[in-house]
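Dear colleague,

Here is the structure that I promised to pass on to you. Please open it beside this message, and then read on for what was found in it.

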Amino acid sequence: MVKNVIPASLNEALNLLNERPFKIMAGGTDLMVQRRAWSQTPPEFNEDVLYIFNLEELKYIKEEDGYIVIGSTTPVEDLLYSDLAPNLLKEAIGIMASPALRHMATIAGNIGNASPAGDTLPILYALDAIIVLQSVEGVRELPIDEVITGPRRHVMNQNEIIKEIKIPICVFTDSVFEKVGGRQADAISKVSFTGAINIKDNKVLDFRIAFGAVSATILRRKEIESKYIGLTKEELIGRVDDIVIDYDPFVRPIDDQRSNKEYRKTVALNLLRNFVITL
Amino acid sequence: MAKIKFVLNNKEIEMDENPNLRLLDVLRDKFEFTGVKEGCGEGECGACAVLINNDVVNSCIVPLGNVNGKEIMTIEGFSETKKFEVIKDAYADEGAVQCGICTPGMIIASESLLNKNPKPTDEEIRIGLSGNLCRCTGYNMIVKAVKKASKKGDGLW
């Protein structure tokens, strides 16, 4: 017998998750579309649904021990108006979806949905976000790239819930988020690009690149980034061809209804090139 | 089934319903608020826009379970306010309504924008209404109407 539940507290939600499997619903902006049925009928769920969106105890943005900590049911629109939220994250949120969706959408939903085109995911990868998972047994913290294992696949256990996202506070002298889609608002990315750099005394101290929708998970290669640490800005710009060649084999997009692999790959590498040469 | 309480157009509601129901269907079929339109049914066109706690949302992708404890306002409830009068007159003056199917959603999105930003620039209006599609006007008259409402309704927002 189907029994959907709106828990009154996180504790109640965790206990329920420990008893039996549920589909966890946060803002529903992905799930309600994926499970959409005919007009005038509810979406189709084979599993019981646990409604956590209104758990106020998971709605917060705070600074703690060198991290910005974001509660999992915080709508992304709240982050836009927060002084604490990292600028790069705000940049991505500012151009994702539309106000109506941003009032419901959550970062935790992007993680749970684990789409390679999730708008905030490249930012979470670039910023080394840590995902805090909670169950009745306690909490565990995992880096974002260990949580998501493939398209729509993640390592979360049936009894776990995303409690919060911890983003280390870091400094960039320049950063960009670029999204290419069929329409400016409300489009799922054909490809997205994130670049962030910290240059001090003309030395590259930090260099981070992430791509969305060009591989099974968000593409970030720390071993490539580290090759270019310590260069001057001019040296880095001079090596733009090497940088593009380094990323080329890892940019392996697919053909789908939104775009094709040739277009995606060309655009992704052009965005990378443009980021470097316009530093 | 689950017990769900919310405020709808200033009236307290308590229901024992399937929380998976789309808010859109509940508003149209159970409460007959048919100013809430279904367009795309997947959150891209904004015809089904309503306010939840003063913020615009697309009711076609809001499950009933997510409105527990919230305040919902449809175009019908909003049409009894002074702010609506100002927005309505501005839309009429600027010719911002043609076929009309996007209009309730446009007005709800306009209200949500003005609530957060009483003096939006043209660019901010376009971003504020970016989730609402209109296939008649070409948007320019709608942007002008929101600008006019912001000016005429000075102090209301």
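Domain bounds, as the word is used here, come from an automatic or database domain assignment. Please also keep in mind throughout that this is a predicted model.

With that in place, chain B is divided into domain 1, which covers 2-75, and domain 2, which covers 82-152. The C-alpha centres of these two domains of chain B lie 21 Å apart, and the contact between them takes 14 residues from domain 1 and 13 residues from domain 2. On the side of domain 1 of chain B that touches domain 2, strand S3 (49-52) and strand S4 each supply at least two residues, and the largest share, three residues, comes from S3(B). By kind, the residues on that side of domain 1 of chain B are nine nonpolar, three polar and two charged.

Chain B also touches chain A, and this contact takes 31 residues from chain B and 27 residues from chain A. On the chain B side, helix H1 (23-30), strand S4 (55-58) and helix H4 (103-116) each supply at least two residues, with S4(B) giving the most, namely four residues. The residues of chain B on this side divide into ten nonpolar, 14 polar and seven charged.

Turning to chain A, you will find that its secondary structure comes to twelve helices and twelve strands. Its radius of gyration is 19 Å, close to the 19 Å that the globule rule gives for 279 residues, so chain A is as compact as a globular protein of that length. Along the principal axes, the C-alpha atoms of chain A fill a box of roughly 65 × 45 × 30 Å, and 46% of the 279 residues of the chain count as buried. If you consider the contacts in chain A between residues at least 6 apart in sequence, 66% of them join residues at least 24 apart.

Leaving aside its neighbours within four places in sequence, A:Leu279 is in contact with A:Asp174, A:Ile197, A:Lys233, A:Leu236 and A:Ile237. A:Leu279 and A:Ile199, for their part, are 80 residues apart in sequence and 10.0 Å apart in space, taken from C-alpha to C-alpha.

With best wishes

Technical notes
Residues numbered from 1 in each chain as written. Chains lettered and ligands numbered in written order. Predicted model: local features only at pLDDT ≥ 70, side-chain atom pairs only at ≥ 80, totals over all residues. Contact = placed C-beta atoms within 7 Å. Nonpolar A, V, L, I, M, F, W, Y, C, P; charged D, E, K, R; others polar. Rg over C-alpha atoms; globule rule 2.2 N^0.38 Å. Buried ≥ 20, exposed ≤ 12 C-beta atoms within 10 Å, placed from the backbone.
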